[in-house]
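Here is a friendly walk through one protein model, written for someone who likes to know the cut-offs behind each term. Please have a look at the sequence and the structure, and then read on.

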Amino acid sequence: VREKITGICNMLKDCELTKLAILDWAHHTVNTIYSSEIMALAHKDSGLHFSAANMTEERLRSFNISVLCKQMEDQAPMVWAMLDSLLAADPKLQYKRDWARNKAKQGEPNKRTKAAASDGDIEMSDITISATKTHAVVDEAELDDYYMHDFFDSEAREEDHEREDEPEDVVEQQEDRYKKHMIISTNKRCNALQSIMGIFLQSCNCPETLRELLARIGLSISTSTINDAVHNLSKEADRSLKELGRTLLALLAYDNIDFDLKHSVPTVEKAESTLIHLTSGTMMPLPDSITLADLDCADELWRKSPNNPLALPQDIPQIPFENLLTIHPEIPDSNDMLSRNRFDAWKFLHDLINYGPEYFRAYKRQLGNPEEIECIPVTKTTQIPCRTLDIHPSSPAQNADALAAFFQQAGVGDSTSVSPHPTRLVDNHVVLVFGDLLTGERIRSLRESRGAEKLPWDQMQHCIYVMGLFHLKMAAADAIWRVFIHPKKAKIDMGDNSLMSFVSQIRPKETGKIESNPGFRRLHEVIQHTGIVSRLDSWRVEIHKKTPEMNSLEDYARSKPSFEALQEMAITVSRAHVANRELTLDQDLKTDAERDMQQENVLLQQQYFLLYEELSHALNFGDIGRIEMCFLPWMFIFLGCGKHKYAAEKAVRMSILCNPTGKKGSFRAIDWVVEHNNLYTKVSVLSCLSSFSG
């Protein structure tokens, strides 16, 4: 009977006398099975209960839709199979899905993964996020503000790309949603997916009416429950911030954040300024290699500080800039090249392989990365944002108020501090405070004005300012603009080889903006794109010199050179097309009439481009040794173009960069994280603030 049961059932189904009875029996049987499986899933022991009101960061991070689907498939196989059949009822549509999935597995990255494959450099756009009573407006014609690409989301997309670009299984997600509807209608506590959806809608600042609509149709939790979850997450963040701060093994980074809340209808009552100035900050744990003993040095630093009125002249160190030459001493290699020369040759080869003819792509794996001088260990860095302060840090006194408020949030103070929570005494330890140069100036001014105070806490002995390297990179881009774009004489001296001449070809509609006020994003892309094109042209010139019958890179690719031949050629090209010691000697020995001024400026321009690329690479890969080697040339460039403030700064080594993803090549400057937080604050909160501005 067991072997013939399928045939027997088919016979009963096909027979007119028994058809209705057997179908009715089958219907009730499968209904009973489906109901029992849904009841089992809705039970507390299934592990699908999710209390949104008691949301924690750990539960939020541990949620995984794939694990949830697998868990539901294992516990309710019959329901899962039924939904699979319903959603794949159209064989033609299912065939298209299978075809698209197989094509993606064979290797064509989609647009999202292509976008994620960029170098990850930070970009700045020229935007001001303005708000009316109903919506936020992006206005390019106003202030120059920060915009960073969604770095953290792009890192998630990179993880998807590493999994062979497999597309999301739409059918599986639909099954999960339908099944979650069944479970939540049975037990409202089985709301893991809805809870995550609600938190996501809140983080995107989704309108309340849409949140309520999605809650009504079962795709999200209610607005009040979302508010409870956010409140609980805020309390947990406050506790975590105090736990981290009281260890004293944390750094603080802060910056101003401005909102322009424009009124839709100007009135006499609203005649005051619409610009709101706040202060945002974040705290991060220091690297594991740093201990409290390393930070127990406030009195020693104060004894040698020029802000200490009791310091003896012989105790205040005078460090000449020439010391930067001996931080990483080098000996030329067999090709008479130092690490910077080898980086230049690597960059020429990198551009040929990645942007030249298709033949050279075969050498991508052999290319690798340039040599490392001294790298910060790759570990994932976490951050705990502080509450934004209603303080405009435009003066030393206001910076003092901001610092005091941030330290109070972190549970740090001295014996005189007044706080409703237990306070960790800072004693003789220092706290690294990151910010831009203006923040550094005000902290130094604050320490100088408080030098006569009696208590170390009031003297701000514990605050040690560290320059943010994201702003250093911005200053480097601005220096190139000041040298090669802004002066009218630069276009006259270099003629058709001027940087603006190249810009007019690659960005013909943006020449006016780039000449006047380009902003960092445009300038960063101009430096990158113009540098790549000029380096590829340098390859063409040197190849033609060596083999006159080859007039293009395509001709060179058809000769199928080996990787070793390319490496040798890259050294030749970098020596001939980048300013070096020989150029300086020629300038000294030749008269102005004998010199080729345009050629010299082109070589210097390429040298500046490569210095910028070297700094960017070192920042991305956490190569603190290479960053330190970049300081000296950039100091002279800053001095030459009038940026004297940046020419005087130095760095704290192992804490000056962080790695939000814990991946190689994904290091970021501390101040970048603050700017990234500011961006999300503006985009996600601005419309909420605007509702109160009218």
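## Helix packing and cores

The axes of helix α10 (residues 192-203) and helix α12 (residues 223-246) cross at roughly 75 degrees and come within 10 Å. That makes α10 roughly perpendicular to α12. The contact is made by Gly198, Ile199 and Gln202 on the α10 side, and by Ile226, Asn227, Ala229, Val230 and Leu233 on the α12 side. Sorted by type, the residues of this contact of α10 with α12 are five nonpolar, three polar and no charged.

A word on where these values come from: this is a predicted model, in which local features need pLDDT of at least 70 and side-chain atom pairs count only at pLDDT 80 or more, while totals for chains, interfaces and linings use all residues. Residues are numbered from 1 along each chain as its sequence is written, and side-chain values use heavy atoms, with hydrogens and water left out.

The terms used above have these cut-offs. Axes are lines fitted to C-alpha atoms, for helices over the stretch in contact, and angles run from 0 to 180 degrees between N-to-C directions. Angles under 35 degrees count as roughly parallel, over 145 as roughly antiparallel, 65 to 115 as roughly perpendicular and the rest as oblique. Contact means heavy atoms within 4.5 Å. Ala, Val, Leu, Ile, Met, Phe, Trp, Tyr, Cys and Pro count as nonpolar, Asp, Glu, Lys and Arg as charged, and the others, Gly among them, as polar.

Now for the chain as a whole. It holds 29 helices and 11 strands (DSSP runs numbered from the N terminus, with H or I over at least four residues for helices and E over at least two for strands). Of its 694 residues, 43% count as buried (under 20% relative accessible area, with exposed over 50% and partly exposed in between, using a 1.4 Å probe and protein chains only). Among contacts between residues at least 6 apart in sequence, 73% join residues at least 24 apart.

### Two partners of α15

Helix α15 (residues 339-355) packs against helix α25 (residues 563-577) at an angle of about 120 degrees, with the axes 8 Å apart. The two helices, α15 and α25, are therefore oblique to each other. From α15, the contact draws on Asp344, Ala345, Phe348, Leu349, Leu352 and Ile353, and from α25 on Phe563, Leu566, Gln567, Ala570, Ile571, Val573, Ser574 and His577. By type, the residues of the contact of α15 with α25 are 10 nonpolar, three polar and one charged.

With α27, α15 packs at about 95 degrees, and the axes are 10 Å apart. This pair, α15 and α27, is therefore roughly perpendicular. Here α15 contributes Arg340, Phe343, Asp344, Trp346, Lys347 and Phe348, while α27 contributes Gln606, Leu610, Leu611, Glu613, Glu614 and His617. The residues of the contact of α15 with α27 divide into five nonpolar, two polar and five charged.

Leaving aside residues up to four places away in sequence, Glu613 touches Phe343, Lys347, Gln528 and Arg535.

### The nonpolar cores

Which residues touch the most other members of the largest nonpolar core? They are Leu403, Leu469, Ile480, Trp634 and Leu657, out of 92 residues. A nonpolar core is a set of buried Ala, Val, Leu, Ile, Met, Phe, Trp, Tyr and Cys residues joined through side-chain atoms within 4.5 Å. Helix α19 (residues 469-484) supplies the largest share of this core, 11 residues. A second, separate core of 27 residues includes Phe348, Leu352, Ala557 and Val573.

Val466 is found in strand β9 (residues 463-467) and counts as buried at 2% relative accessibility. Leu437, in helix α18 (residues 437-449), also counts as buried, at 7%. The table lists two C-alpha to C-alpha separations.

| Pair | Apart in sequence | C-alpha to C-alpha |
|---|---|---|
| Val466 and Ser655 | 189 residues | 9.3 Å |
| Leu437 and Val466 | 29 residues | 9.1 Å |

Lastly, Asp427 has a positive phi of about 50 degrees although it is not a glycine. Asp427 sits in the loop between β7 (424-425) and β8 (431-435) and is exposed, with a relative accessible area of 56%. Lys560, not a glycine either, has a positive phi of about 55 degrees. Lys560 lies in the loop between α24 (553-558) and α25 and is exposed at 61% relative accessible area.
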